[in-house]
Amino acid sequence: MIARVVLAVLAIAGFTPGHKEAPTMPTQTQVAQHWLQAADATAANLRGVDRAYAYWLISQDWRKADPKKEAAVLKKSCEAAVAPDDNSPNITLRDEVQLNCVRRMMLIEPKTGTELLASAAPDVRQQILAAKAATSAKKGDIDAALTMLSSEVSQGARYPYARALEVIKALPAGDRPDKDRVFAQALSFYRQKHNRFDVGPED
């Protein structure tokens with residue numbers, strides 16, 4: 001797994017593996033850490049979404065080796081992913097990295113994750129917030145659920161129809177009024193789009 005990440009980062013940077021052998025290390029863990037640090041140094045020379053994606057790959061292996069270093073590398077990935085980049089050739093990859101790294105950061109460092117979420121793309125913010133809507137509905141807070149489903153639409157995010165369906169399913173079978181409220185909200189945004197039933201990247 002470590003080798004896969006190192007090679008992937010080198011490939012993103014446009015390098016090919018050399019012929020030098022890895023330094024002799026006393027333990028397998030130290031060897032892994034050496035290569036992850038080498039990959040980290042390579043990722044630092046990248047820019048934009050390439051940098052964000054490389055750090056995301058590295059963070060996944062630090063998750064197993066050292067959770068503290070995972071958080072530090074993950075933050076680099078998130079910061080690169082949410083940084084303004086009007087020249088990015090791959091908006092889809094950028095948003096995917098944003099979604100993955102910010103969602104993970106909110107789990108391991110909620111305060112940092114919430115700060116980074118504020119800078120993420122509207123679609124990413126909407127997907128992360130909407131994922132919590134069904135939980136709020138189960139707790140009886142349908143107003144909060146409706147807000148989570150639609151808070152970023154005015155900023156250009158796509159309405160998360162699949163998440164709305166999850167909210168409807170989470171409500172008690174006999175709660176017709178609240179089910180109708182969720183359906184009415186989804187229908188309203190659908191009518192505003194006119195052209196198609198638009199869904200988000202997680203749906």
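Predicted model: local features only at pLDDT ≥ 70, side-chain atom pairs only at ≥ 80, totals over all residues.

Start with helix H4, residues 67-82, and helix H5, residues 91-108. They pack at an angle of about 140 degrees. Their axes are 9 Å apart.

Who makes the contact? On the H4 side, the residues include Leu 74, Cys 78, Ala 81 and Val 82. On the H5 side, they include Val 97, Cys 101, Met 105 and Ile 108. By class, the contact of H4 with H5 has ten nonpolar, two polar and four charged residues.

Next, helix H3, residues 48-65. H3 also packs with H5, at an angle of about 35 degrees. Here the axes are 10 Å apart. H3 crosses H5 in a left-handed way. H3 brings Val 49, Ala 52, Tyr 53, Trp 56 and Arg 63. H5 answers with Leu 93, Arg 94, Val 97, Asn 100, Cys 101 and Arg 104. That contact divides into seven nonpolar, one polar and three charged residues.

Now the cysteines. Is Cys 78 buried or exposed? Its relative accessibility is 0%, so Cys 78 counts as buried. Cys 101 is also at 0%, so Cys 101 counts as buried too. Cys 78 belongs to the H4 side of the contact with H5, and Cys 101 to the H5 side.

Notes
Residues numbered from 1 in each chain as written. Heavy atoms only, no water. Buried < 20%, exposed > 50% of the residue type's maximum accessible area, 1.4 Å probe, protein only. Axes fitted to C-alpha atoms, helices over the stretch in contact; angles between N-to-C directions. Helix = DSSP H or I, 4+ residues; strand = E, 2+ residues; numbered from the N terminus. Contact = heavy atoms within 4.5 Å. Nonpolar A, V, L, I, M, F, W, Y, C, P; charged D, E, K, R; others polar. Left-handed = near helix turned anticlockwise from the far one by under 90°.
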